[in-house]
Amino acid sequence: MEPNVRFWITERQSFIQRFLQWTELLDPTNLVISIEKIEKSRQLLLTNEDASRGDLEDKRIQEAWKRSLSTVHPDNSKLIPSPFRPAALLPFTAPMVFLSMLPVKKLKSMILPQVSFYTYNTIFNLVNGNASYDRRPHESVLLGAGVIASSTFFGLFPRLLQVKFSLSTVLSRNVIPVLILAQLSGMNVVASRSLEPIRGIEVMDKEGNVIGYSRKAGAKAIKDTATSRVVLFGSSAFIPEVFSYFFKRTQFFLQCPWSLWTLKLSCTILVMGLMVPVSFSVFPQIGRIQCSELEKEIQSATEETELFYNRGV
């Protein structure tokens with residue numbers, strides 16, 4: 001069995017345990033680990049099938065799990081490119097969220113932040129989504145291009161209305177952009193991983209044996225991941241806006257207007273720093289689904305009452 005799958009199945013963790021786990025896996029040093037070190041860690045885990053994360057006596061095992069879980073895809077055992085590993089989400093998207101929420105004077109100034117944000121998110125979702133079904137490279141390229149274009153358009157549309165009609169109310173400047181960003185982040189997951197509920201993803205028993213491919217499990221994986229993205233980017237955009245709203249009414253802001261952007265950027269990074277591990281921890285990495293909820297052909301292929309699937313990140 002793939003070591004990462006074995007870990008997530010056997011380690012039945014609570015939300016707090018998953019949160020603490022992700023704080024380790026999101027360590028920025030996981031972006032620069034050499035391939036040689038990752039291969040050695042994987043070899044160690046493959047030759048020690050009974051190795052557990054709770055094995056406190058062997059720090060080599062602990063480090064091996066950290067490297068493997070943070071850099072290797074659990075479906076195909078392939079190395080995740082450094083810019084799209086889970087630990088890269090915060091440093092890449094926090095500045096984009098900050099720039100996307102800046103007041104609009106000219107629409108041109110919003111195009112690059114919006115395109116960058118949705119391009120990165122789309123590729124991140126494609127790379128870290130479920131990879132157990134058959135997907136050709138050209139399908140990923142065409143699907144990704146369509147998702148990027150549509151997400152960017154819908155992200156820019158309310159800004160276009162704001163510029164064209166000179167809307168300056170709190171609702172149009174602060175509330176609606178946050179709602180649009182949160183909803184589009186979730187829809188981006190749904191669209192970029194739309195092949196999963198169409199072709200089905202692998203469902204397996206507790207031993208890692210593949211029972212079949214389930215479209216219902218694919219739909220559930222996307223729903224859970226999309227929900228976590230809405231929570232992540234909705235909170236990361238909303239909380240800095242609230243702080244900024246009240247900060248503008250202080251004496252300090254009147255004396256140092258430029259400090260607003262420093263506060264807003266710092267607040268965005270801090271909120272995202274907390275919300276990234278929270279959003280990854282809301283649902284287990286390897287999801288569980290009752291066999292009775294799956295297709296009849298899968299129910300007839302096993303006597304297990306509960307099956308497992310990779311939710312994706």
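What volume does the second largest cavity have? In this predicted model, the second largest cavity has a volume of about 80 Å³. It belongs to a set of two cavities of 30 Å³ or more in the structure. The lining of the second largest cavity consists of Ser100, Met101, Gln114, Tyr118, Gly155, Pro158, Arg159, Pro177, Ile180 and Leu181. Three helices, α6 (108-128), α7 (137-164) and α8 (170-192), each give two or more residues to this lining. By residue class, the lining of the second largest cavity divides into six nonpolar residues, three polar residues and one charged residue.

The elements that supply two or more residues to the lining of the largest cavity are α1 (3-10) and α4 (59-71). Eight of the lining residues of the largest cavity are nonpolar and five are polar, while none is charged.

Helix α1 is mostly covered, with seven of its eight residues buried. The buried residues of α1 are Pro3, Asn4, Val5, Arg6, Phe7, Trp8 and Ile9. The cover over these buried residues includes the helices α2, α3 and α4 together with the strands β1 (201-204), β3 (286-290) and β4 (306-310).

Helix α4 contains 13 residues, and the distance from its first C-alpha to its last is 18 Å, close to the 18 Å expected at 1.5 Å a residue. The buried residues of α4 are Ile61, Ala64, Trp65, Lys66, Arg67, Ser68, Leu69, Ser70 and Thr71. The buried residues of α4 pack against α1, α2 (15-25) and α3 (35-47).

Glu63 and Arg67 are paired in a salt bridge whose closest N and O atoms are 3.6 Å apart. Both residues lie in α4, where four residues, about one turn of the helix, separate them. Glu63 is partly exposed, at a relative accessible area of 33%, whereas Arg67 is listed with the buried residues of α4.

In total, eight salt bridges are counted in the structure. A second example is formed by the side chains of Glu139 and Arg199, with an N to O distance of 2.6 Å. This pair links distant parts of the chain, given that Glu139 lies in helix α7 and Arg199 in helix α9 (residues 196-199), 60 residues apart. Glu139 counts as buried, because its relative accessibility is 17% and the cut-off for a buried residue is under 20%. Arg199, at a relative accessible area of 33%, is partly exposed.

Lys220 and Asp224 are both in helix α10 (residues 215-247), at a spacing of four residues, about one turn of the helix. The two partners fall in separate accessibility classes: Lys220 counts as partly exposed at 29% relative accessibility, and Asp224 is buried with a relative accessible area of 10%.

Two further residues were considered individually. Ser77 is located in the loop between α4 and α5 (89-100). Although Ser77 is not a glycine, its phi is positive, at about 60°. Ser77 is partly exposed, with a relative accessible area of 38%.

Phe253 is placed in helix α11 (residues 251-255). At a relative accessibility of 17%, Phe253 counts as buried. When neighbours within four places in sequence are left aside, the contacts of Phe253 are with Phe247, Lys248 and Leu260.

Conventions
Residues are numbered from 1 along each chain as its sequence is written. This is a predicted model: local features need pLDDT of at least 70, side-chain atom pairs count only at pLDDT 80 or more; totals for chains, interfaces and linings use all residues. Side-chain values use heavy atoms; hydrogens and water are left out. On a 1 Å grid over the protein atoms alone, a cavity is a set of points where a 1.4 Å probe fits but cannot get out, and a pocket is an open set with protein on both sides within 12 Å along at least five of seven lines; lining residues have an atom within 4 Å of a point. Grid points are joined across faces, edges and corners, and a volume is the space filled by probe spheres set on the points. Ala, Val, Leu, Ile, Met, Phe, Trp, Tyr, Cys and Pro count as nonpolar, Asp, Glu, Lys and Arg as charged, and the others, Gly among them, as polar. The expected span of a helix is 1.5 Å times one less than its number of residues. Buried means under 20% relative accessible area, exposed over 50%, partly exposed in between (1.4 Å probe, protein chains only). Contact means heavy atoms within 4.5 Å. A salt bridge is a side-chain nitrogen of Lys or Arg within 4 Å of a carboxyl oxygen of Asp or Glu.
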